[in-house]
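Read it with the structure open.

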Amino acid sequence: MLDIFQYAFMQRAFVVGILLAIIIPLIGVIVVLKRLSMIGDALSHTSLAGVALGMILGIHPIVGAVVVCIVAAFSIEAIRKALPRYAEISISIIMSVGIGLASILSGFVEDSAAFNSFLFGSIIAITDTEVILAAIVTVIVVVTFILLYKELMFITFDEQGAILAGVPVRKINFVITLLTAITVSVAARSVGALIVSSLMVIPVTCAMQVANSYKKTVIYSVLFALLFTIVGLFLSYYLNLKPGGTIVLTGVAVLIPLMIKKK
């Protein structure tokens with residue numbers, strides 16, 4: 001079983017996979033509990049436009065994805081504020097723009113295989129630079145989450161109450177929006193842009209089936225994500241499957257019995 005670790009690309013895959021399994025659920029808890037779970041889909045689709053733009057301009061695709069995702073994330077926030085009664089429309093609008101741009105820009109990308117690797121992820125394509133980038137983003141997200149733990153919990157359940165209590169909601173939302181965009185962009189390479197939103201939602205949903213507090217939901221979400229990632233990587237290697245899809249389906253296989261048991 002351990003012969004999987006004799007390959008450097010699998011070592012990098014496990015390192016990046018574990019790092020992402022820690023931070024994606026942390027973002028996911030906030031997104032899911034605020035009933036904005038589709039924001040991951042919007043940003044992941046938009047990240048593809050950034051990937052294509054990066055390839056066209058000759059810069060690193062992840063840099064392009066980060067820039068475009070940040071613009072998209074703050075555009076969602078701006079539309080939500082402009083249309084508070086129809087906040088969910090903002091996600092649909094940005095997702096539509098992202099899909100449209102990705103479709104058009106991908107036609108100008110010369111290396112279509114490299115672009116396609118971002119759709120569902122590519123373990124072999126992960127470089128040492130991307131491992132370092134994932135590590136840096138992980139440290140930033142974890143430290144931010146710990147430092148703002150109480151404020152984030154307050155904002156997640158009662159944003160208006162947090163404002164009245166003097167919590168700097170605007171600044172904190174700015175930081176979380178920024179981190180969400182960066183996390184989605186970094187995850188696109190390893191697990192795939194079309195898969196990352198599922199990793200935000202499924203571990204959190206599993207955790208909600210067994211947890212009875214916010215703190216436990218956060219902890220269980222990370223544990224479930226780690227389980228799905230490690231099992232999924234092993235299965236994908238030995239069964240010759242796409243890692244991103246295998247990780248997500250592993251999560252679904254766990255989620256279904258948990259939901260049935262709770263009923």
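## Terms and model

Cavities and pockets are found on a 1 Å grid over the protein atoms alone. A cavity is a set of points where a 1.4 Å probe fits but cannot get out. A pocket is an open set with protein on both sides within 12 Å along at least five of seven lines. Lining residues have an atom within 4 Å of a point. Grid points are joined across faces, edges and corners, and a volume is the space filled by probe spheres set on the points.

This is a predicted model: local features need pLDDT of at least 70, side-chain atom pairs count only at pLDDT 80 or more, and totals for chains, interfaces and linings use all residues. Residues are numbered from 1 along each chain as its sequence is written, and side-chain values use heavy atoms, with hydrogens and water left out.

## Confidence

pLDDT is the predictor's confidence in each residue, from 0 to 100. The chain averages 87, and 98% of the residues score at least 70. Among the elements, helix α5 (residues 112–120) has the lowest mean pLDDT, 78. Helix α11 (residues 214–239) has the highest, 93. Helices are DSSP runs (H or I, at least four residues), numbered from the N terminus.

## The second largest pocket

The second largest pocket has a volume of about 200 Å³. Its lining is F74, E77, A78, K81, E159, V169, R170, N173, F174 and T177. Helices α3 (61–82) and α9 each supply at least two of the lining residues. The largest share, five residues, comes from α9.

By class, this lining has four nonpolar, two polar and four charged residues. Here Ala, Val, Leu, Ile, Met, Phe, Trp, Tyr, Cys and Pro count as nonpolar, Asp, Glu, Lys and Arg as charged, and the others, Gly among them, as polar.

## Cavities

The whole structure holds four cavities of 30 Å³ or more. Helices α1 (8–33), α2 (39–57), α3, α7 (149–157) and α9 each supply at least two lining residues. The largest share, four residues, is from α9. The classes are nine nonpolar, four polar and three charged.

The second largest cavity has a volume of about 70 Å³. G17, L20, A21, I24, P25, V191, L199, A225, T229 and I247 line it. Helices α1 and α11 each give at least two residues, and the largest share, five, comes from α1. This lining has eight nonpolar, two polar and no charged residues.

## Packing of α9 on α10

Helix α9 (residues 169–191) packs on helix α10 (residues 196–210) at an angle of about 110°, with the axes 8 Å apart. That makes α9 roughly perpendicular to α10 (65 to 115 degrees). Axes are lines fitted to C-alpha atoms, for helices over the stretch in contact, and angles run from 0 to 180 degrees between N-to-C directions.

T180, V184, A187 and V191 of α9 meet V196, L199 and M200 of α10. Contact means heavy atoms within 4.5 Å. Six of these residues are nonpolar, one is polar and none is charged.

Note on methods: Angles under 35 degrees count as roughly parallel, over 145 as roughly antiparallel, 65 to 115 as roughly perpendicular and the rest as oblique.
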